[in-house]
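Me: I'd like to learn how to read a protein model. Could you take me through one, feature by feature?

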Amino acid sequence: MFSRLTELFLKFPGIGPRQAKRFVYFLLRQSPAFTKSLIDEIEHLKKDYAQCSSCYRFFKNSGTQKICDICESSQRDSTTLLVVGNDIDFENIEKSGHFKGVYFILGNTLSVLEKEPEKKIRIKELLRNIEKRAKAELKEIVLAMSATQEGEYTADYLKEKLSPISKKYSIKISELGRGLSTGTELEYSDTDTIRNALERRIG
Ligand SMILES: [Zn+2]
C-alpha cells in the first residue's frame with residue numbers, strides 16, 4: 001500500500017520502513033488543511049532558501065543573492081574560519097552567539113572506512129575558500145568537529161589536507177577544546193559547552 005509515498009519518506013535521514021509507513025498513516029488521518037499547509041511549506045522551502053556559494057549554508061533568500069549575510073557582513077571577523085560537518089552543527093554554534101568569525105560547512109563527516117573522502121565532504125571547495133580568504137586576512141582555521149570517532153577522523157583528514165596551505169600562508173589550524181567530552185556531538189551541545197570548547201581551543 002502507498003508504496004511511492006513510503007519510498008519517499010524512506011529517503012529521509014534516520015527513517016526506516018516502519019516509520020515511513022507510520023508517516024503515511026499519520027497523513028491519512030490529518031485534515032485537508034494540514035496536508036495543504038505541508039505541501040505549501042515544502043514548495044516554499046526551495047523557493048525561499050538558497051545555498052551560499054562561499055560557506056555552503058542554506059539561507060533565506062528573497063532575490064538572486066548568492067552569498068549569505070554572514071559571509072557578506074562587515075561585522076564578522078573574517079580572520080577566523082570555523083569548519084563544521086553539517087548544517088545543524090553550524091546552526092547550534094551560531095545560535096550560541098560565541099563565535100564571531102565566518103563558517104564553512106563540509107556537508108558531512110568521514111567514517112574511518114571512507115574510500116573516497118573527497119566525494120563525501122567539500123574538501124576541494126574548502127581549499128578554494130581558504131585560498132581566497134588567505135589572500136585577504138585569514139589567520140586561523142578552527143576545526144569544529146564532534147568529539148566522536150567520525151569527528152576525530154575527519155579532523156585528522158582535514159589537518160593533513162590543509163597542512164600545505166596553512167604553511168604557505170602561515171594560517172594557524174586549531175581544534176575545539178575538550179570542553180566537549182568524549183562522544184559529544186556538537187548538534188546536542190548547549191551554549192556553555194560550545195563557549196568552553198571555543199575558548200579552550202587547541203592548536
Ligand atoms: Zn555564506
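Predicted model: local features only at pLDDT ≥ 70, side-chain atom pairs only at ≥ 80, totals over all residues.

Me: How many helices and strands does the protein chain have?

Reply: Helices (H or I, at least four residues) and strands (E, at least two) are DSSP runs, numbered from the N terminus. The protein chain has nine helices and six strands, and its C-alpha trace spans about 60 × 40 × 35 Å along the principal axes.

Me: What is the order of the strands in the open sheet?

Reply: Two strands pair if DSSP finds at least two bridges between them. Four strands form an open sheet in the order S4-S3-S5-S6, with parallel pairing. S4 and S6 stand at the edges with a single partner strand each, so one side of each has no neighbour in the sheet. S5 and S6, for instance, pair in the parallel sense over four bridges, and Leu-143 has Glu-175 in S6 as its bridge partner.

Me: Which strands does H7 lie across?

Reply: For angles, axes are lines fitted to C-alpha atoms, for helices over the stretch in contact, and angles run from 0 to 180 degrees between N-to-C directions. Contact is for two residues whose C-beta atoms, placed from the backbone, lie within 7 Å. H7 lies across S3, S4 and S5, running at about 165° to S3. H5 lies across S3, S4 and S5 too, at about 135° to S3.

Me: Which residues of H7 are buried, and why do they end up on the same side?

Reply: An α-helix has 3.6 residues a turn, so residues three or four places apart point the same way. In H7, the buried ones are Leu-126, Asn-129, Ile-130 and Arg-133. They cover an arc of only 100° around the axis (taken from the directions from the helix axis to the C-beta atoms), which puts them on the same side of H7. That buried set packs against S3, S4, S5 and H8, while the face turned away carries the exposed Lys-124, Arg-128, Lys-132 and Lys-135.

Me: Which residues have the most contacts inside the largest nonpolar core?

Reply: In soluble globular proteins, nonpolar side chains tend to be buried together. A nonpolar core is a set of buried Ala, Val, Leu, Ile, Met, Phe, Trp, Tyr and Cys residues joined through C-beta atoms within 7 Å. The largest one here has 33 residues, and Cys-55, Val-83, Val-84 and Ala-144 have the most contacts inside it. At least two residues each come from several elements, including S3, H5, H7 and H8. Beyond its neighbours within four places in sequence, Ala-144 touches residues including Leu-82, Ile-93 and Leu-186, all by contact.

Me: Tyr-56 and Ser-170: is each one buried or exposed?

Reply: Tyr-56 is buried, with 20 other C-beta atoms within 10 Å, and Ser-170 is exposed, with 9. Tyr-56 sits in the loop between S1 and S2, and its phi is near 70°, a positive value in a residue other than glycine.

Note on methods. Residues numbered from 1 in each chain as written. Buried ≥ 20, exposed ≤ 12 C-beta atoms within 10 Å, placed from the backbone.
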